[in-house]
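Me: I am new to reading protein models. Can you take me through this one, feature by feature?

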Amino acid sequence: MKKGQIYEGIVQRVDFPNKGVVEIEGNKVIVKNVVPGQKISFAVNKKRAEKYEGKLLEVLEKSPLETREKVCKHFGNCGGCSYQTMPYEDQLEMKKGQVKRLIDSVCKEYEFEGILASPTEWGYRNKMEFSFGDEYKGGPLALGLHKKGSFHDILTVDDCAIVDKDYNMILNCVLKFASDHGLDYYHKLSHTGYLRHLLVRKAVKTQEILINLITTSQLEEVRESGENYNDKDSIFQPLVEQLRKLPLQGNIVGILHTNNDSQADVVKSDYMEVLYGRDYIYEELLGLKFKISTFSFFQTNSLGAEVLYSKVREYVGETKDRTIFDLYSGTGTIAQLLAPVAKKVTGVEIVEEAVEAARENASLNGLSNCEFIAGDVLKVIDSLKDKPDIIVLDPPRDGIHPKALDKIIDFSVKRIVYISCKPTSLARDLDVFLAKGYEVEKVCAVDMFPGTVHVETVCLLSKKA
Ligand SMILES: C[S@@+](CC[C@H](N)C(=O)[O-])C[C@H]1O[C@@H](n2cnc3c(N)ncnc32)[C@H](O)[C@@H]1O
């Protein structure tokens, strides 16, 4: 096979997260963003050793698995969902196979428990980060998600099916307001412009909504109409009024404005002001209450999180009189679900705001046997006085830092429960655990993100006797 050559073939399977495998003349070619069973044409664009990669040119025939119509008008253009045309059962089968193949690649003997479904397939997200931009160079202001495969172009996703209708209404209101006032978006290359992101959180159980508009401080520079925007209140108060008048199902409890002048394309805060109400919402999971601030990590599918955490609780097993470490603890959800039945739980989390929320949550839930420490697991772990009996790990996508992994293994605890949102990172870390005397007892996938390529995995490790 040569670079640049065009081929046709059937996608045999899709490996995590989106790697379609097509076999041509005995060679395997990886083509991204396809559905298993589709007949596609692609151009070979990379060849490394005997590994080929192809760029999708056209879907020639849809897959026998694509038995239903797309649900939202953005599907196909939006980078969010990939599998709306596949029934949910088939999506689950595919993700189950993806996780199993990855774990099988590092571990031969373990019990694979399959995949647990999200309780709701649509409208399941409790948080969205929308970006401002234009739909095409020089086009009108857009607010939404990046177009599939595009770094710059933004699609206004006002019909998104994985959030409920309140998000779509809020998005339209903010976009209209920004367009009416001639506000420009922040241009990533020239670092000029005003509007960056709109962050919306809505708790499923309490129906509380928090809205956060993230801008640079370059308001005057981007002023296009004749109005005087020197006083920020003069533009934000009408927006607050308009948002509060929306006929939403949920209840807006806070509207915030955040300044972010950093050059990185991330949602973060240099300075934040509360325009209305408060700067947090409450959500309830498995009978406990959690305060969630604007930037803290919280599982984005609340009902799915209950499924995930129930599996974690099952894998953690007997906790009576046990000391537990919850490393990468976010707002302390797992620690607090385990604390009522354990001797003590210590959570470690790098985002200070999340740690403060975790402490508040613990007292809100009447738990006095959990402590939360702010800092990098890699460093904090050296100063922990307690000796853990059980460790729960829920690291970010890239998995655990190799040096932190060694320190975790040095505790030599009998049981470790590892939760991962990226099974490729999990497989890499499991390899280290296996080499250092642990065995994988059980693995269970949990689908927290229907329609998308993502999947969560829970793994129970035990120390060999
Ligand atoms: C996947 S989240 C898990 C959060 C929590 N267990 C939950 O279910 O809500 C990973 C968390 O790890 C935190 N984190 C990332 N790197 C870290 C580090 N080096 N040390 C401590 N926490 C870290 C992130 O801020 C995030 O809250």
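Me: What distance separates the centres of domain 2 and domain 3?

Reply: First, a caution. This is a predicted model, where local features need pLDDT of at least 70, side-chain atom pairs count only at pLDDT 80 or more, and totals for chains, interfaces and linings use all residues. Residues are numbered from 1 along each chain as its sequence is written. Now the distance: taken over C-alpha atoms, the centres lie 33 Å apart.

Me: Where do the domains run?

Reply: Domain bounds come from an automatic or database domain assignment. Here, domain 1 covers 6–61, domain 2 covers 89–120 + 300–463, and domain 3 covers 127–284.

Me: How many residues of domain 2 and domain 3 are in contact?

Reply: Two residues are in contact if their C-beta atoms, placed from the backbone, lie within 7 Å. Four residues of domain 2 meet six of domain 3. On the domain 2 side, one is nonpolar, three are polar and none is charged. For these classes, Ala, Val, Leu, Ile, Met, Phe, Trp, Tyr, Cys and Pro count as nonpolar, Asp, Glu, Lys and Arg as charged, and the others, Gly among them, as polar.

Me: How do I read a pair of packed helices?

Reply: Give the angle between their axes and the distance between the axes. Axes are lines fitted to C-alpha atoms, for helices over the stretch in contact, and angles run from 0 to 180 degrees between N-to-C directions. Helices (H or I, at least four residues) and strands (E, at least two) are DSSP runs, numbered from the N terminus. Take α1 (residues 88–104) and α9 (residues 423–435): their axes come within 9 Å and cross at roughly 20°. The two helices are therefore roughly parallel, a label for angles under 35 degrees.

Me: Which residues make the contact of α1 with α9?

Reply: Val99, Leu102 and Ile103 come from α1, and Pro423, Thr424 and Ala427 from α9. By class, that is five nonpolar, one polar and no charged residues.

Me: Which peptide bond is cis?

Reply: Look at the bond from Phe16 to Pro17, with omega near -5°. Pro17 sits in the loop between β1 (6–15) and β2 (19–24).

Me: What about phi at Glu25?

Reply: Glu25 is not a glycine, yet its phi is positive, about 50°. Find Glu25 in the loop between β2 and β3 (27–32).

How values were computed:
Angles under 35 degrees count as roughly parallel, over 145 as roughly antiparallel, 65 to 115 as roughly perpendicular and the rest as oblique.
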